[in-house]
Amino acid sequence: MINEVLHSRLIAFFLGLWAMYCASIGAYDGALFIPMIYALLLLLNHLDQKKSTRSTKTNAQK
């Protein structure tokens, strides 16, 4: 579920739209905060997938 949400083009579009809006009114903290949260979620998702594939490989070798 979270994987589909993170890789959604619609979510990425709205994040870009929000960052553009915040930058146009001069609220750079809002323009950076939301994409940083999104990037953190992507990083955590990537680390979780990496960990799960590593444990699958070690289980297959046993």
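Reader: Is leucine 41 buried, exposed or partly exposed, and why?

Author: This is a predicted model. Leucine 41 has a relative accessible area of 37%, so leucine 41 is partly exposed. This leucine is located in helix α3.

Reader: Which residues make the nonpolar surface patch?

Author: A residue needs over 30% relative accessible area to be part of a patch. Here Trp18, Tyr21, Ile25, Phe33, Ile34, Ile37 and Leu41 make a patch of about 670 Å². At least two residues come from each of α2 and α3. The most come from α3, which gives four.

Reader: How many aromatic pairs are there?

Author: Ring centres must lie within 6.5 Å to pair. The count is two aromatic pairs. In one, phenylalanine 13 and phenylalanine 14 have ring centres 5.6 Å apart and planes at 65°. Planes over 60 degrees apart count as edge-to-face, so that is what this pair is. Phenylalanine 14 is partly exposed, at 46% relative accessibility.

Reader: What kind of pair do tryptophan 18 and tyrosine 21 form?

Author: Their pair is tilted, with 5.8 Å from centre to centre and 45° between the planes. Both lie in helix α2 (residues 9-25); because they are three residues apart there, about one helical turn separates them. Tryptophan 18 is partly exposed at 40% relative accessibility, and tyrosine 21 is partly exposed at 45%.

Key:
Residues numbered from 1 in each chain as written. Predicted model: local features only at pLDDT ≥ 70, side-chain atom pairs only at ≥ 80, totals over all residues. Heavy atoms only, no water. Phe/Tyr/Trp six-rings, centres within 6.5 Å; stacked < 30°, edge-to-face > 60°. Buried < 20%, exposed > 50% of the residue type's maximum accessible area, 1.4 Å probe, protein only. Patch = residues over 30% accessible without salt bridge, like charges linked within 9 Å, V, L, I, M, F, W, Y side chains within 5 Å. Areas by Shrake-Rupley, 256 points an atom, 1.4 Å probe, with all protein chains shown as cover. Salt bridge = Lys/Arg side-chain N within 4 Å of Asp/Glu carboxyl O.
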